[in-house]
Amino acid sequence: MSQPAAHRNPLPSVVSIVDEIRAQAAKELGTDVGQIGADTVLKQLPGADSVRLLRVVAQTERTYDVEFEDEDVFRVRTPQDLAELVVRQLPDGGPK
């Protein structure tokens, strides 16, 4: 039996996903979240390396209960890119 629509957890907005990714990246890299915009190239941030950025991706997967294909992860450059990847994995393609 499914839950009535009013009681289901709403899907997160793209903006809220971007904000979460920015916060995770800032925490992982030890920088201020204000230094990371939606279109900031993550690998160009001070302290960024493949291990740290993969930790951000892994945390994002856990947060949103999604799993990315490796080839999709390697195409991600910005928090916006990663948020769009999350949205594609959410039920019904995520928020519109």
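Trainee: What percentage of the residues of the protein count as buried?

Mentor: Of the 96 residues, 34% count as buried. Buried means under 20% relative accessible area, exposed means over 50%, and partly exposed is in between, with a 1.4 Å probe and protein chains only. Keep in mind that this is a predicted model: local features need pLDDT of at least 70, side-chain atom pairs count only at pLDDT 80 or more, and totals for chains, interfaces and linings use all residues. Residues are numbered from 1 along each chain as its sequence is written, and side-chain values use heavy atoms, with hydrogens and water left out.

Trainee: Okay. How many helices and strands does the protein have?

Mentor: There are 4 helices and 0 strands, and along the sequence the pattern reads α-α-α-α. Those are DSSP runs numbered from the N terminus: helices are H or I with at least four residues, strands are E with at least two.

Trainee: Which residues have the most contacts inside the largest nonpolar core?

Mentor: Ile 17, Ile 21, Ile 36, Leu 42, Phe 68, Leu 82 and Val 86 have the most contacts, in a core of 23 residues. A nonpolar core here is a set of buried Ala, Val, Leu, Ile, Met, Phe, Trp, Tyr and Cys residues joined through side-chain atoms within 4.5 Å.

Trainee: And which helix gives the most to this core?

Mentor: Helix 1 does, with 6 residues. Helix 1, helix 2 and helix 4 (79-89) each supply at least two residues of the core.

Trainee: Switching to charges. How many salt bridges does the structure hold?

Mentor: It holds 3 salt bridges. The criterion is a side-chain nitrogen of Lys or Arg within 4 Å of a carboxyl oxygen of Asp or Glu.

Trainee: Which residue does Glu 28 meet in a salt bridge?

Mentor: Glu 28 pairs with Arg 55, at 2.8 Å from N to O. Glu 28 lies in helix 1 and Arg 55 in helix 2 (residues 50-64), so the pair ties together parts that are 27 residues apart in sequence. Glu 28 is partly exposed at 23% relative accessibility, and Arg 55 is partly exposed too, at 44%.

Trainee: What about Asp 19, which partner does that one have?

Mentor: Asp 19 meets Arg 22, with 3.2 Å from N to O. Asp 19 and Arg 22 are 3 residues apart in helix 1 (residues 14-29), so about one helical turn separates them. Asp 19 is partly exposed at 38%, while Arg 22 is buried at 18%.

Trainee: And how far apart are the closest N and O atoms of Asp 72 and Arg 75?

Mentor: They are 3.0 Å apart in that salt bridge. Asp 72 and Arg 75 both sit in helix 3, 3 residues apart, about one turn of the helix. Asp 72 counts as buried at 19% relative accessibility, whereas Arg 75 is exposed at 55%.

Trainee: Which residues gather in the patch of negative charge on the surface?

Mentor: Glu 67, Glu 69, Asp 70 and Glu 71. Glu 71 is in helix 3 (residues 70-75) and is partly exposed, with a relative accessible area of 47%. Patch members have over 30% relative accessible area and no salt bridge; like charges are joined within 9 Å, nonpolar side chains (Val, Leu, Ile, Met, Phe, Trp, Tyr) within 5 Å.

Trainee: What other residue lies in the loop between helix 1 and helix 2?

Mentor: Gly 37, for one, lies there, and Gly 37 is partly exposed at 23%. Gly 37 and Thr 78 are 41 residues apart in sequence and 8.4 Å apart in space, C-alpha to C-alpha.

Terms used: Accessible areas come from the Shrake-Rupley method with a 1.4 Å probe; for residues, only the protein chains shown count as cover. Lys and Arg count as positive and Asp and Glu as negative; His and the chain ends are not counted. The place of a charge is taken as NZ of Lys, CZ of Arg, CG of Asp or CD of Glu.
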